[in-house]
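Q: I am new to this structure and would like a close look at a single part of it. Could you pick one residue and walk me through its surroundings?

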Amino acid sequence: LPIFTTHSSISPNALPPATMLPTLAFAALLLLETDAALPAGTETLAYDIGGITTHAYVRYPSGEPNGLMLIWHGTLLPPGDTVEQVFTNAEPFQVDTFKDLIVVMPHQIGLGGTWGTQKQRWQQLDEVMLTGNTLLKAVYEQAKTKYSMEDGSRLKLYMTGHSQGGTSSVMYHYAYQGSQEIIDRYDLKVSVASSGHYSSEVWASAVLTDYTAYAADANMIASVSSSLLPVSKKVQNVLLYHLLYTYKTSSGAYQEDIEYSPAYALDLSSAGDDFSKMMDIIGVVMADTEAATSDPVGAVTGHDGTPPFLTD
C-alpha cells in the first residue's frame with residue numbers, strides 16, 4: 001500500500017507489524033444529525049470512544065460515491081481554530097476532482113466537541129485504531145443505505161492528515177491492514193501524511209543548533225514568540241532524542257554509532273550508548289523547565305542550551 005510522508009513525528013518502523021495489530025471492537029454509534037453550518041451534504045456523526053462521546057463530520061455526495069476521503073486534522077488551538085474551519089477549508093471542497101467522494105473527518109479526543117473536557121491524546125495507537133475502525137464501519141453502513149450498495153461492495157479509501165493528523169494517518173495506514181472488518185468494506189488506495197518540519201532549512205535551524213544560534217535564527221524568530229523561544233528549544237531537543245531513539249531501536253544502518261556527547265551526563269564513552277531510558281533523558285533535557293517557563297523567562301543553560309546528542 002503506498003504511503004507518502006514528509007517529516008512525520010512517528011516512524012513506520014516504530015509500529016508493530018500489521019499482523020500484530022488487534023482488530024478492536026467497534027464503539028457504539030450514538031446518533032447522526034445534520035449541521036446546516038457546514039458544507040452542503042454534511043452530517044455530524046456522534047460516537048463513543050471508551051465512554052467518551054465525540055464527533056465526526058461526514059459529507060455525502062449527491063450521487064453514487066467513488067470512494068471515501070478520511071481526513072485526520074492537526075492540533076487545534078481553540079477558540080481561534082475550530083474543527084468546522086478545518087473541515088470546511090479542506091481541499092476536497094475546493095477541488096472538483098473530489099466532489100464525488102464521501103469526506104470524513106473525526107474530531108480527535110481533546111479537540112472539537114471534547115475541547116476543555118478531555119486531554120488531547122497525541123500518538124496513541126489504540127485510540128487512532130478505534131476511532132478509524134468505528135467511523136469507517138458506521139459511515140459504510142450509512143452509505144450502504146443512502147446509495148443502495150450491494151452486499152459485499154467495497155469503497156475506495158483515501159487517507160490524509162497534517163501535523164498531529166499526519167501521525168494519525170501513518171498509524172491508521174498500518175492499523176487498516178490488521179482489521180479484516182475494514183478491509184472487507186474498504187480498499188485503501190493511498191495515504192498521504194504530512195507532519196513535523198516542512199523545510200530542510202527550518203529543520204536544521206530548529207533541531208541541529210545550540211540555543212544561542214536557535215534564538216538568533218530568522219526562521220525561529222519568525223515562527224516563535226520571543227518569550228517562548230527557550231521552552232520551544234527544549235521541545236526540539238526532546239524531538240531530536242525521539243528521532244534518534246526510533247532510529248536506534250529500528251536498527252538503522254548506523255544505529256551502533258549513535259552516541260551521546262562526551263560531556264553529557266548519561267554518556268558511556270563507548271560505541272552504542274544506551275538510548276532506552278527515554279524518560280530519564282527527557283528529564284535531563286527539561287531540567288531547567290521552571291526557568292524557561294517563568295515570567296520573565298530565566299536563562300537557559302547546560303543541556304537545555306546545547307543538544308546532548310551526536311551521531312557519527
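This is a predicted model: local features need pLDDT of at least 70, side-chain atom pairs count only at pLDDT 80 or more; totals for chains, interfaces and linings use all residues.

Where does Leu 157 lie? The residue is part of strand E7, which covers residues 155-162. Setting aside neighbours within four places in sequence, Leu 157 is in contact with Leu 68, Leu 70, Leu 136, Tyr 176, Tyr 186, Asp 187, Leu 188, Lys 189 and Val 190.

Two of the contacts, Leu 68 and Leu 70, lead us to the next strand, E5 (68-72). E5 and E7 pair in the parallel sense, with five bridges between them, and in this pairing Leu 68 stands opposite Leu 157. E5 also pairs with strand E6 (residues 102-106), again in the parallel sense, over three bridges. There, Met 69 has Val 103 of E6 as its bridge partner.

How many residues of E5 are buried? Five of the five are, so E5 is largely enclosed by the rest of the structure. Both of its faces are covered, with Leu 68, Leu 70 and Trp 72 buried on one side and Met 69 and Ile 71 buried on the other.

Strands E5 and E7 also take us to a pocket. The second largest pocket holds about 350 Å³ of space, and two or more lining residues come from each of E5, helix H1 (83-88), E7 and strand E8 (186-194). E7 gives the most to this lining, with five residues. In total the pocket is lined by 17 residues, and those nearest its centre are Met 69, Ile 71, Glu 91, Thr 160 and Gly 161. By class, twelve of the lining residues are nonpolar, four are polar and one is charged.

Finally, let's step back to the whole protein. Its secondary structure comes to eleven helices and ten strands, and 44% of its 312 residues count as buried. Among contacts with a separation of 6 or more, 68% are between residues 24 or more positions apart. The accessible surface comes to about 15,200 Å², and carbon and sulfur atoms account for 54% of that surface.

Methods: Residues are numbered from 1 along each chain as its sequence is written. Side-chain values use heavy atoms; hydrogens and water are left out. Helices (H or I, at least four residues) and strands (E, at least two) are DSSP runs, numbered from the N terminus. Contact means heavy atoms within 4.5 Å. Buried means under 20% relative accessible area, exposed over 50%, partly exposed in between (1.4 Å probe, protein chains only). Accessible areas come from the Shrake-Rupley method with a 1.4 Å probe; for residues, only the protein chains shown count as cover. On a 1 Å grid over the protein atoms alone, a cavity is a set of points where a 1.4 Å probe fits but cannot get out, and a pocket is an open set with protein on both sides within 12 Å along at least five of seven lines; lining residues have an atom within 4 Å of a point. Grid points are joined across faces, edges and corners, and a volume is the space filled by probe spheres set on the points. Ala, Val, Leu, Ile, Met, Phe, Trp, Tyr, Cys and Pro count as nonpolar, Asp, Glu, Lys and Arg as charged, and the others, Gly among them, as polar. Two strands pair if DSSP finds at least two bridges between them.
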